[in-house]
Amino acid sequence: MKAAFIGCVFALLATAAMADLQRGLVLHYAMDGDDSAVVQDLSGSGCHGRIVNAVPEAGGVQGGCLRFDGRSAYIQAPFNPATGGQYAVSLWFKPAPESLANLSSCNLIAMNRRYQIGFNTNGPHYRFYSFSVNAGSYGYGALRADSGLFDLEPDRWYHVALVAEDGGAAFFFNGRPMGFVSGAAANAGDRALLVGALDNGPGPRYFFPGLIDEVRLYNRPLTVEEVAELFQQEAPASLRPGPATALGAAYTIHEGRLHARDANGQERALTDEETANLLRTAAAQPAAPATDEAIGPVCDIGFSTAERGDQDVT
């Protein structure tokens, strides 16, 4: 299946020249302050968050971070700074060691189903998920987009990003693509934008236990290269992987299809035949998994959609 292997394609791509990672940034919680009541928004949007039971702590990926207790701690943003259908979310997390086996349904960030990054178990492994709303799929059992499988280990930081635009959405794990699904449309609803929990009524629930740092929200989709560069810029030196193998062109997600961009910046949609050839190349030459001890192993980079009804959608 085409979608199942697109993550393999992206895993072979080289990072591009330095990108402007301030462009479109509408929320940035660096978590570096010592204020126990408010986390400052460094993007300039003024979306300063209210801290509820989360505790400032040293030892983040960049400066400080916040510890969430998995029971009642979260950050609530005062408004939604990105109202369009295209956006990107990026953050770092370190699960509490005692909670590694029990993260299912915990949420790192969510505004109902918009920006949502939650955990789901698959055997001994994890997936990220984000609910979406497609035609004919609203309410209980809404369409869920799943990332590929990965493992988590204690006392290690991990980076996750979710990129959504009209016609598609993709997850990234430690700067590496985890797959792509077409046809996704975000459901924002009227719930609060929370970090460390989900508000889908009544009130916050599905709390995350552990540390969170460097939360970013963009009002535009980041490219594959930009996500990789953001990971490289924020990660401690021990977490930075080497460059991926180049295929001679940059590939992006746009309107639910793969697009190729040449050296002159010209972009076009790949035909089904070109996509199939690229997927065969990716399947024959998979990128080596990360070997740095500080990065948790990725089990596969497939992508799927599923029907799920254990969290209601409003």
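**Close-up 1. Asn174 in the loop between S13 and S14.** In this predicted model, Asn174 counts as buried, at 3% relative accessibility. Asn174 sits in the loop that leads from S13 to strand S14 (176–182), and its phi is positive, about 50°, although the residue is not a glycine.

**Close-up 2. Met31 in the loop between S1 and S2.** Met31 is placed in the loop between strand S1 (25–29) and strand S2 (38–39), where its phi is near 65°, a positive value in a residue other than glycine. With a relative accessibility of 3%, Met31 counts as buried.

**Close-up 3. Strand S12 and its two faces.** In a regular strand the side chains alternate between the two faces of the sheet. Eight of the eight residues of S12 (residues 158–165) are buried, so the strand is largely enclosed by the rest of the structure.

**Close-up 4. The strands paired with S12.** Strand S7 (residues 87–95) runs antiparallel to S12 and is joined to it by seven bridges, with Val163 of S12 as the bridge partner of Ala88. Six bridges join S12 to strand S13 (residues 168–173), again in an antiparallel arrangement, and the partner of Glu165 in S13 is Gly168.

**Close-up 5. The cysteines Cys47 and Cys65.** Cys47 is buried, with a relative accessible area of 0%, and Cys65 likewise counts as buried at 0% relative accessibility. The structure holds zero disulfides.

Definitions and conventions:
Residues numbered from 1 in each chain as written. Predicted model: local features only at pLDDT ≥ 70, side-chain atom pairs only at ≥ 80, totals over all residues. Heavy atoms only, no water. Buried < 20%, exposed > 50% of the residue type's maximum accessible area, 1.4 Å probe, protein only. Helix = DSSP H or I, 4+ residues; strand = E, 2+ residues; numbered from the N terminus. Pairing = 2+ DSSP bridges. Disulfide = S-S within 2.5 Å.
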